[in-house]
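Open the model in your viewer and keep the selection panel at hand. Each stop below says what to select and what is there.

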Amino acid sequence: MFSNQGARKSVDSLSPTLPSAGHRGDFPFHGKATQRRGSTASSIHSVGGALDTVSWGNPVFESGQNAISTLLQPPIVRTGMLPHAAPPASSVHKPPTARDIPPVALTNIPHVDPSEFKSYLSQVGTLYEQLRRIQAEDEQVSSSRKAVKPDESPDAPDDGHLRPNRRSGIASRRPSTASISSLASMEIVTQPKTSSSRPRRGPAHGPPPLSTIPPVYFEEDFHLENPRTFDVVSERSEVVRPAQGSDDKAGAASNGQAAAPRKALATNAILQEKLSWYMDTVEMHLIQSISTASTTFFSALGALRELHSEAADSVERIRALRKELKKLDEEIALGGLNLVQQRRRRENIKQLQDTVLQLKEIVDGVTVCESLVDAGEVDQALDNIDNLERLMAGEPAETSLSGVQLRDLRGATALQGVSADLDTLRLRIGRTFEARFIKTLLTDLRSHVENVSPQEVLMRWSNASMRARGTHNRESSTFPSYMAATDLMRPELHATITGLQRARCLTAAALAYRDTVLREIKTIIRQPMPSSNDDDAESIMSSSTRAGGRTRSQQDRSIALARNLRAMGPDDAEELLRKIYIGVAEALRRVSTQVKVLLDVASSIGEPLPPSGLRSPPLKSPPFSPTVRQISTAAQEAQEEIHRALDISNLMGQAIDVAQEKVVKILRVRSEQSKRLELIWFLRYFTLNLHFANECEAISGRGGANLKTVVNGHITDFIQIHGDSESKKLAQLMESDQWNAADFSEKDAELLNRILEGSTRDDPAWLDAVQIWIPVHELQTSDANTKTADVDPLATQANGAGKAKTRSAVVESETFMLPNSAIVCMHGIAKFLQLIAAIPSMTAEISSSLIAYLQLFNSRCTQLILGAGATRSAGLKNITTKHLALASQAVAFIAAIIPHMREFVRRHCGAGTPASTVTGEFDKVRRSLQEHQNNIYDKLVEIMTGRANAGAKKLKAIVWDQPAPPSSSTGANEYIETLAKETTTLHRNLTKHLPETTVRMIMVPVFRNYKNTFGAAYGAVELRTEQGRERMLRDVEFFQSRLNKIDGFDDTAEYLTKVIKAKEIIAPVPLPGEQAPAPTPSSTAPSPIPQQQQAFQPAASPSPEGGNGKSEGVTPERAGQ
C-alpha cells in the first residue's frame, strides 16, 4: 500500500525538525486522503478520544507550546513558524516561585516493626507470586517475537501498518530522553533503505487492521474533556509551553540527565496525521464491509423475486380448484346431506319421546316416595329414591319403561326441583332414622346407669386405685358390666345405620348423638340434687299464694338449692355424690362401649344379617389383625364418618369437663360442711372424690385440675380443723383428769399394737373407712366401741369406782401404768396415723399437726402436774407422788411410741417430701418428753429433800441431853418417824407405778440427800452427855429398821452412825474449884457433807403457768388416794 519504504517507519520516530515531517507526500495513503479533506484541522476536531502512544514504541515527548488556542491558529502557526508579533512564551506563563509554594509540614514517620506485616505478606504473597509468573510469561512471549523478526526494529511494525498492539501504562507515563536519543540512530539505520530514489513496489495488501487504532477510541465512556483521555489522545503534548529557564532546571534535576522536550500541541503535525490515519482506516473498513455484503444482498433480492412469482402461480391454481370443488358440492354433497339431516331429525324426535316418558316416570316416582314417607315406610321410600336417582342418571332401574333409551337427565332444568324434593325426602327419612338411632342408644345408656350395681363400681374403682399404688387386689376382678349386654341392640343398630348411610345423614345422626350424650350427663347430675324450692319451710297457703303470682327467678332457685345442699347430713351428701359420680362415670364407660359397637356394626354394612339366634362376631383385638374380615367400601366410609363425627376422645374430654364443672360447684357450696366432717366421713368423702378423679382421668386422659384443687383445699382445711379439734379435746380431757391409774383395755391394747406395727405396715382396720362400698352403719359399730373405750375410763374415775384391777400398757417389754390422759392421747395419735394411711400425699401436713398435738400433751402435762394446775382444773387438793409417778409414766409411754410413729411417717413420705425434716421434728418432741420425765424425777427428789430439811430443823430443836418423852413407843423422835413414813409412802407409790430401775434411780439421790442433810444436822448438834448420843443412835436405828429394805438405801445408816459416834461430848461448865472432865476421845469424824454430794442439788422445775417450781401443794401423804 505504501509507495516508498520510508512510509513504513513509525511516525513517532520522526523528528519534528525534519523538513519532510509536515508534508503528506511522504505518506502515499494520506496523500489520497488529502483529496477528501482540505485540512487536518477537521480531523483533529472530529476525533472524540485519545491516542495510545505506548503501542507505537518508545514515545517521543514533543516540546513546545501546548495551549489549546494554538490548535485554532492558522496552519503556519501549527507548523511551528511563529509570527513576529507573537509574544514570548515566558510572558504567557510564569512558573511559580518558592514564595508561591506553601511550606509543607513534615511529620515524623513512626517506626513499624516488620513482624506486624507478616499477616499481610502471607495474604499478598500468593498474589504477588502469581503476578510475577504472569509478567515472566509476557516477557517470554515478547522475547520470542523479537527472536522471530530480528531484522526489524522493535519500534516499527513488520508490514508498514500502524499496529499499536503493545501497551504499557508504565512506559507511556514515564518521562525519558531515550526517544530523543534514538532519533539520530534511526535516521542512520534508515539511510541504506532509502538509498534508491525509486520505491520498491510490494505486493498488494488490505486495509490496516482496526487493532492499529488505539483502544481508547472504542471505549463507551470516551470523553475528550476527561484529562486522562485528552492526555492519551494528545500523546502528552504540551498545551502551554513552559519557560526556557524552568525547563533547564527540571532537566538538570532529573538524575543529572537532560529530560526529553515535550511537543507543543499546536505544532504537532504528526499527531494530526495520526488522527487522519485512524479515520481513513475506519472508513476503509466500512467500505470493505459494504462491498462484501453487496453480493449477498443482490442474490437474496433475486431469490425473493422468484418466490413472489411462484406464490402468484400457486394462488391461481387454488382459485381454479375452489371453483371445481364448489361445482361438486352443489351437484353431489347437498343432496346427500339433506337425507342425513332428515334421518337425524327422526332420531332426535324418538329420543325426545323417550326423554318425556323418562321424565313422566321420575315425576310419578317422586309422588310415590312422598306418600311412603308420610306413611312411615322409610325403608321402601329409600329404595324408591335410589331407583329414581338411577333413572335420572340414565342407569338401568326397576321401572315400567320398556324399549326406552334412558338418558342422563341430572343436568336438565326441568329436574332441578325434583332433585331438591328428593334431598328433602332424604332429610326427612334421615331424621326418622336419627330418632330411632338416638332412642336405641339413649335407652341402652339409661338402662345401664339405672341397673348398674354401685358396690361393683366402687370395688372396681378401689381395685384400680390399689393397682396404681402398687398393692395387690384382695378380690378377683370381674367382667365390667358396661361392656356386657350389647347383642340386643346390634340388629336394630345395623338397620338404623344402614338407613342413615343410604339417607346420607350418618354424620348428622352421630353429631346429634354426641349432643345427646352431653345433655344426658347434665341430666344425670341434676336428677339426684335436692329440690330448689323451699317447700318444707313454707306453708301450703304461702305456696298457693306464690303459685298465683310470678314464678321464682333463677337466682332464687339457686339460693334455695345451695341452702338445701348445705342442710344435708354427711350420709345424704355422700349418697348424692355417689349417685352423681357413678352415674357420670358409668354413662361415659357405656358410651365408649356403644361407640365400639357402632364401629363394629358399621363394618358389616352391605353384609346380610346373621340368622336369628346367632350373635354377631365379637370385637377383634387388635382391630387390624390378619383374621379381620374384609369390609366393603361403604362400610369403610360409614366407619370414617362415625369416627370423625363422634371424635370419641374429644367427646369424653368435653363430657368430663362438663361433669366436673357441675361437681365443683356442688363441692364449693358444701365446702364448710365438708371441712368439719368426722374422720370416718371425711375419709370416705376424700376416697370417693379420689376414685372419681382417677376414673375421669382413665376415661378421658384429663386430670381434672379444678376438682383436684377444690378437694386438696378441703383436705388442707380438714387437717387443720381436725388437729385443732383433737388438741382441744385432749386439753379438755387432761384438765378434767383425776390422774389416777386407768385400765388399759383390750381395745386399747389392740390400738397400741396397730401403732407399734405401723413402722412396718398399715393396719387393715385403718383402711376400712376407705372401703366406700361398705355401708357406713356397718363401720359405725366398731367406731362406737372405740369411742366407748375412750370415754368409759374417765367416767369411771369421776364416779370414784377406780378400785378395780387396772391393766398396764406394754411397749417392747416395758410396762406402763397410764392415766386416762395418756390413753386419750394414744387414741388421738391413732386418728392422725389413720389419716396419714388414708391420704399419704398429705403426710407432711398431717405430721406437722401430729407433732403439735404431741407438744400440746407435753406442755399441758407439765402445767397440770409440775405446775400444780390440776388442783384448779380437776379439783385436786394437792399433787402427790402418785400423780407425779403417773405423769412420768404417761410421758415415758408417749416417748416410747414416738420412734414407731416416726418410721410410719418416713414410710409414707413421698419422694418430694423432706422426710428427714419431718422425722427430725419427732426426735425433738421425744427429747422434750424425756426432759419432762427427768424433771418429774427431779421433782420427786426435791420433795423428799424438802421433807428432809424440815426434819433436820426439828432435829436441831430437840434437846438431846434430856430423856426421851414417854409418849414415843418406839423410842425414836417424831422427825425420824415422819421421814420414815413419808419415804415408805413414796417408795410404795413409785413401786406401784414405776419400774424397778426407775424407782432405784429416784431413791438413790433421795437417800444421798438424807445422808447430806442429816449428817450435817447431826454434826451441828452439841452433845453434853452420852444420853444424847444414845438418843441419836436410836433414831438412826429406827430409820434403818424401817428403810433398809428399800433399794438405794445402801450405807445411809452406817454413815449417820459414824457421824454420831464421831461427835465429841462437850463437858458442862464446871463450878468454881471443879475441874472440867477431859473430852471423850473419838476417831476423826467424816465430813458431814462431802463436796461431791453438796454439788448434787436438783433444781425445781419451773412452772409453765409462771410458778417458781417450789414444792408448794405437793405432798406424799395422800398415797392411798
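## One turn of a helix

Select Lys924 and Glu921: both sit in helix α30 (residues 915-957), three residues apart, about one turn of the helix. This is a predicted model. Show the two side chains. Lys924 and Glu921 meet there in a salt bridge, 3.7 Å from N to O. Are these residues buried, partly exposed or exposed? Lys924 is partly exposed, because its relative accessible area is 45%, and the range for that class runs between 20% and 50%. Glu921 is partly exposed too, at 28%.

## The whole chain

Zoom out and colour by secondary structure. The chain has 35 helices and two strands. Of its 1121 residues, 40% are buried. The chain exposes about 63,000 Å², with 54% of that supplied by carbon and sulfur atoms.

The structure holds 44 salt bridges. Select Asp386 and Arg502 for another one. Their side chains meet at 2.9 Å, N to O. This pair links distant parts of the chain, 116 residues apart: Asp386 belongs to helix α11 (residues 378-392) and Arg502 to helix α14 (residues 490-502). Arg502 counts as partly exposed, because its relative accessibility is 27%.

Then jump to Arg1024. Its salt bridge partner is Glu1022, with the closest N and O atoms 3.9 Å apart. Arg1024 is partly exposed, with a relative accessible area of 38%.

## Into the nonpolar core

Hide the surface. The largest nonpolar core has 211 residues. Select Phe437, Ile829, Phe893, Ile894, Met901 and Tyr1018, the residues with the most contacts inside this core. Which domains does the core draw on? At least three residues come from each of domain 2 (718-780 + 807-942) and domain 3 (958-1062).

Centre on Phe893. Beyond its neighbours within four places in sequence, Phe893 is in contact with Leu752, Ala809, Val811, Phe816, Leu818, Ala822 and Met826.

Another core lies apart from the largest one. This other core has nine residues, among them Ile213, Val216, Tyr217 and Leu275.

Select Ala837, in helix α26 (residues 820-838). Ala837 is buried, because its relative accessibility is 0%. Ala837 and Asp762 are 75 residues apart along the chain, and their C-alpha atoms are separated by 6.8 Å.

Next, go to Asn689 in helix α22 (residues 679-700). Is Asn689 buried or exposed? Asn689 counts as buried, because its relative accessibility is 2% and the cut-off for buried is under 20%. What does Asn689 touch? Leaving out residues up to four places away in sequence, Asn689 touches Tyr581, Leu667, Leu707 and Val711. Draw one more C-alpha distance, to Leu577: the separation from Asn689 is 8.5 Å, across 112 residues of chain.

## A nonpolar patch outside

Bring the surface back. Select Phe297, Phe298, Leu301, Leu304 and Leu307. They make a nonpolar surface patch of about 530 Å². Pick out Leu304, which is in helix α10 (residues 269-375). Leu304 counts as exposed, because its relative accessibility is 53% and exposed means over 50%.

## Two positive phi angles

Check the backbone torsions last. Most residues other than glycine have a negative phi. Glu812 has a positive phi of about 55°, although it is not a glycine. Where does Glu812 lie? Glu812 is in the loop between β1 (809-811) and β2 (814-816). Glu812 counts as exposed, because its relative accessibility is 60%.

Finish at Asp1050. Asp1050 also has a positive phi of about 55° and is not a glycine. Look for Asp1050 in the loop between α33 (1026-1043) and α34 (1052-1061).

Key
Residues numbered from 1 in each chain as written. Predicted model: local features only at pLDDT ≥ 70, side-chain atom pairs only at ≥ 80, totals over all residues. Heavy atoms only, no water. Core = buried A, V, L, I, M, F, W, Y, C linked by side-chain atoms within 4.5 Å. Buried < 20%, exposed > 50% of the residue type's maximum accessible area, 1.4 Å probe, protein only. Domains from an automatic or database assignment. Contact = heavy atoms within 4.5 Å. Patch = residues over 30% accessible without salt bridge, like charges linked within 9 Å, V, L, I, M, F, W, Y side chains within 5 Å. Areas by Shrake-Rupley, 256 points an atom, 1.4 Å probe, with all protein chains shown as cover. Salt bridge = Lys/Arg side-chain N within 4 Å of Asp/Glu carboxyl O. Helix = DSSP H or I, 4+ residues; strand = E, 2+ residues; numbered from the N terminus.
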